[in-house]
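Hi everyone, thanks for making time this morning.

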Amino acid sequence: HGKDARPFAPDLAKLLADPVPEVRRAAAGALGAAGDTAPATLAALREAAADPTAGRQARASLRKLGGDR
């Protein structure tokens with residue numbers, strides 16, 4: 001959980017494209033909790049922000065990570 005998940009951020013970012021909505025939502029939340037602010041992570045969350053299912057969580061994670069600026 002949390003910062004312990006940071007090494008897995010690239011894998012979590014890939015899950016933002018998973019066909020299962022709940023997986024996308026969970027991945028977006030996990031990325032925010034991991035605290036990874038790598039450009040690739042922020043870009044993936046910005047793209048996911050338009051997702052009708054995971055978008056709300058992606059936007060919340062972006063705010064938490066400061067990537068909404």
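Let's start with helix H3: what covers its buried residues includes H1, H2 and H4. Before I go on, please keep in mind that this is a predicted model.

Which residues of H3 are buried? They are Thr41, Leu42, Ala44, Leu45 and Ala48. Around the axis they cover an arc of only 160 degrees, which puts them on the same side of H3. If you look at the other side of H3, you'll find Pro39, Ala40 and Glu47, which are exposed.

What does Thr41 touch, leaving aside its neighbours within four places in sequence? Its contacts are Ala9, Leu31 and Asp36.

Now to the partner helix, H4. Helix H3 spans residues 39–48 and helix H4 spans residues 55–65; their axes come within 8 Å and cross at roughly 145 degrees. The crossing of H3 and H4 is left-handed. On the H3 side, Leu42, Leu45, Arg46 and Ala48 take part, and they meet Gly55, Ala58, Ser61, Leu62 and Leu65 in H4. Sorted by class, this contact has six nonpolar, two polar and one charged residues.

Those H4 residues, Gly55, Ala58, Ser61, Leu62 and Leu65, are buried. Seen down the axis of H4, its buried residues fall within an arc of 125 degrees, so they line one face of the helix. Arg56 and Lys64, on the other side of H4, are exposed. Helix H2, residues 21–34, is included in what covers the buried residues of H4, along with H3. And just after H4 comes Gly66, with a positive phi of about 80 degrees.

In soluble globular proteins, nonpolar side chains tend to be buried together. Here, the largest nonpolar core has 16 residues, and Leu16, Ala28, Leu31, Leu45 and Ala58 touch the most other members. Helix H1, residues 9–15, supplies at least two residues of this core, and so do H2, H3 and H4 each. Take Ala58 as an example: leaving aside its neighbours within four places in sequence, Ala58 is in contact with Ala28, Leu45, Ala48 and Ala49.

Definitions and conventions: Residues numbered from 1 in each chain as written. Predicted model: local features only at pLDDT ≥ 70, side-chain atom pairs only at ≥ 80, totals over all residues. Heavy atoms only, no water. Axes fitted to C-alpha atoms, helices over the stretch in contact; angles between N-to-C directions. Helix = DSSP H or I, 4+ residues; strand = E, 2+ residues; numbered from the N terminus. Left-handed = near helix turned anticlockwise from the far one by under 90°. Contact = heavy atoms within 4.5 Å. Nonpolar A, V, L, I, M, F, W, Y, C, P; charged D, E, K, R; others polar. Buried < 20%, exposed > 50% of the residue type's maximum accessible area, 1.4 Å probe, protein only. Arc of directions from axis to C-beta. Core = buried A, V, L, I, M, F, W, Y, C linked by side-chain atoms within 4.5 Å.
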